[in-house]
Amino acid sequence: ISQKVSGEDFMKVIDAIDKKRVLKIGQYTERDGRLSTCTLSPYLLYHKFHSWYVMGDAPDKKNLDQPAFRLDRMKAVEILDEDQPHPLSEEDLETLKKNIALDFNPAKPGEEYRVKLRITGSFAQPCMETEWFPGERKTWEEGSKSVLYEVELMGLEAITLWIMRALDCIEVLEPRKLTDEIDRRVGAYLERRKKRRTR
């Protein structure tokens, strides 16, 4: 558990998920710094990008385009003595788990991307030995030491971070949106470097 997450609140979230109870979040810090209060019927707890998140139904949440709550932004958490009004079915819960593994962004539920990469150099063999995302397909390109990597994802942030880790070994073939995002980040880095040299 992160040092910023209360162990007591963490266990309350788990308990509420297990017993299908409603949580009251006495204080939640939104991304823009505003404070809000709401109730939450939590479905799923997951870890992503170094933070713990809980996803659920929160009808009175102010920022409805952010249905996942970061635990380190939650304070004064209470388990209410009431059942969740619309608990998620086991089938829907399994679907949600699979989607999160494919980088599902709850704020953009309709996103789907077919990602295609060419991986070379020192990253090719580790790529073949590791499962990065469910349903990925990896094949050695005939007559070369490069790997053709393909996967269908529901978001691009996780794979963007993965690509940036081994950028000297990866060529993005599809989609164009991913190519543009990598170019943007590299361009921003180079621009900062350029400005520092001219000071």
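1. Helices (H or I, at least four residues) and strands (E, at least two) are taken here as DSSP runs, numbered from the N terminus. On that basis the protein chain holds five helices and nine strands, and read along the sequence these follow the pattern α-β-β-β-β-β-α-β-α-β-β-α-β-α.

2. This is a predicted model, in which local features need pLDDT of at least 70 and side-chain atom pairs count only at pLDDT 80 or more, while totals for chains, interfaces and linings use all residues. Residues are numbered from 1 along each chain as its sequence is written, and side-chain values use heavy atoms, with hydrogens and water left out.

3. On overall dimensions, the C-alpha trace of the protein chain spans about 65 × 50 × 30 Å along its principal axes. Of its 199 residues, 37% count as buried, where buried means under 20% relative accessible area, exposed over 50%, and partly exposed in between (1.4 Å probe, protein chains only). Among contacts (heavy atoms within 4.5 Å) between residues at least 6 apart in sequence, 58% join residues at least 24 apart.

4. Two backbone points concern residues other than glycine with positive phi. K20, with a phi of about 55°, is placed in the loop between α1 (7-19) and β1 (21-29), and at 35% relative accessibility K20 counts as partly exposed. A76 also has a positive phi, near 55°, but A76 sits in strand β5 (residues 74-83).

5. The peptide bond from E174 to P175 is cis, with omega near -5°; P175 lies in the loop between β9 (170-174) and α5 (176-197). Within strand β9, V172 is buried at a relative accessible area of 18%. Leaving aside neighbours within four places in sequence, V172 is in contact with K116, L117, I163, L178, T179 and I182.

6. The structure holds 19 salt bridges, a salt bridge being a side-chain nitrogen of Lys or Arg within 4 Å of a carboxyl oxygen of Asp or Glu. R114 takes part in a salt bridge with E150 (2.7 Å, N to O); E150 lies in strand β8 (residues 147-153) and R114 in strand β6, so the pair ties together parts that are 36 residues apart in sequence. R114 also meets E174 in a salt bridge (2.9 Å, N to O), a pair that links distant parts of the chain, with E174 in strand β9 and R114 in strand β6, 60 residues apart. As for accessibility, E150 counts as buried at 14%, whereas R114 is partly exposed at 38% and E174 is partly exposed at 29%.

7. A further salt bridge joins the side chains of K19 and D15 (3.4 Å, N to O); being four residues apart in helix α1, K19 and D15 are separated by about one helical turn. D15 is partly exposed, with a relative accessible area of 26%. Elsewhere, E157, E181, R184 and R185 are linked in a network of salt bridges.

8. What is the location of K108, and how exposed is K108? K108 is placed in the loop between α2 (90-101) and β6 (113-119), and is partly exposed, with a relative accessible area of 42%. The C-alpha atoms of K108 and C38 are separated by 22 Å, the two residues being 70 residues apart along the chain.
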